Amino acid sequence: MRRNTVSAKQGGEGAVKALWQAYTKSSLILRVTIALVLGVVVGLVGGQDVADWLAPFGDLLLRLLKFLIVPIVLFTLMVGINQASAGSMGRVGRKVFVYYIGTSALAIAVGLAVASLFSPGSGMTLDSSAEVSVPENPGIAQVLLGVVPDNIIGAFAELNLLGIIFTAIVFGIALLKLRTSESHGALAEQLYRVIEALNEVTLKVMSGVLHYVPIGVFAIVAGTVAEQGMETLLSLGDMVLVLYIALGVHLLLYCVLMGAFGVKLRRFFREARTPMATAFATQSSSGTLPLTLDAARRMGLSRGVYGFSLPLGATINMDGAAIRIAISAVFAANVIGAPLDFTSMLEIVLIGTLVSIGTAGVPGAGIIMIATVFSQVGLPIETVALLTAIDALVGMGCTALNVTGDMVGASIIARSEEDGQRDACVDAPRS
């Protein structure tokens, strides 16, 4: 009897072990996709009670991802800088800023074009009693000052990404300079080896967190669907549909851009689809950053490029949010029966580009961006109250495009750097 009990116990343990091995060896994107579908079904069928029960599992995923942000940004960026030269970092930085500003302006233009074609909001009436609390716009100057933290520990504790990036760049460049000095070169080299080891340890921890991602995604999606429900989606369905059409158009433009630079699309989407799906579920570009950096590493991109561009992009590159600004503006104009003219659209492109960069990464950034543009072009702030009803549904797609844009930029810039180095080798005089 005892022997049978032991055999049954060992058989049960073997079955659990085999199930776990099958789970961990299966494709991560397959697991995340199944989690997304199951989350939608459970959210619709189970309702708010089931969503509340699952909420801690979703919160745990967000905590785990935030837990990794500081070490992965700090160590990846410092290691990346020390694999390049100061001159190449300056060149990469210029390319990054040009790309982010250019794609943000293009995103707003795409949003305006698609929204003008489909005219979301036509026939709706504005509820004059609707109110919305708009957070104060900190302004571009205040955001730029916030890049330099007055307390390093405070920047880490508050997850001030711009402050963390600034710290990593400053200390990374200082370490790079010290490694080439005669007096402290050996000591600096030892420190670099320690930082490199810490970076590898962080990646090892992240590989474990990846196994939990599908569970957290399932819980978050179930909660979002249960909270929003189908009524909200149907009441403002045209606005949501037009926005996702615009996101799809911009994604196609990404593909054209990558094709022009010789980036292999199949490999890109094979590695990028997991952070894209996670960003869609979590609605957090910063929270998805560990997965985005891991995807860039799997693509074989240069650490010196993605270690700098991706953390910065998670903070200031908001192509999805830019599209949201444009479509929200057309929606608001149609609701009040005053379609936008060409001058107003041009103004929205200019103001929206600056606002999407200047207010990104601050609490209530989406509302701030829309309200700021509305006030500049004379649209009623009250219409923002209508848009808050679909905030989660809209935010999912916009965040996924934000993260995709970051990875597209890293891929293109890394490719241009490879081409530049190849050309330099060809043009170099032979002895």
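## Salt bridges and the nonpolar core

Arg179, Glu189, Arg193 and Glu196 are joined in a network of salt bridges (a salt bridge being a side-chain nitrogen of Lys or Arg within 4 Å of a carboxyl oxygen of Asp or Glu). Before we go on, please note that this is a predicted model, in which local features need pLDDT of at least 70 and side-chain atom pairs count only at pLDDT 80 or more, while totals for chains, interfaces and linings use all residues. Residues are numbered from 1 along each chain as its sequence is written, and side-chain values use heavy atoms, with hydrogens and water left out.

The structure holds nine salt bridges.

| Glu196 | Arg193 | 3.1 Å |

Where do Glu196 and Arg193 lie? Both are in helix α7 (residues 185-209), three residues apart, about one turn of the helix. Helices here are DSSP runs of H or I with at least four residues, and strands are runs of E with at least two, numbered from the N terminus. Asp294 and Arg297 sit in helix α11 (residues 289-299), also three residues apart, about one turn of the helix.

Next, the accessibility of these partners. Buried means under 20% relative accessible area, exposed means over 50%, and partly exposed lies in between (1.4 Å probe, protein chains only). Asp294 is buried at 7% relative accessibility, whereas Arg297 is partly exposed at 35%. Glu271 is buried, with a relative accessible area of 18%, while Arg270 is partly exposed at 41%.

Now to the nonpolar side. A nonpolar core is a set of buried Ala, Val, Leu, Ile, Met, Phe, Trp, Tyr and Cys residues joined through side-chain atoms within 4.5 Å. The largest one has 111 residues, and Val217 and Met407 have the most contacts inside it. Helix α2 (residues 28-81) gives the most to this core, with 18 residues. Which residues does Val217 contact, leaving aside its neighbours within four places in sequence? They are Val32, Ala35, Leu36, Leu61 and Ala281, where contact means heavy atoms within 4.5 Å.

Finally, the cysteines. The structure holds zero disulfides, a disulfide being a pair of cysteine sulfur atoms within 2.5 Å. Cys255 is buried at 18% relative accessibility, and Cys398 is buried at 4%.
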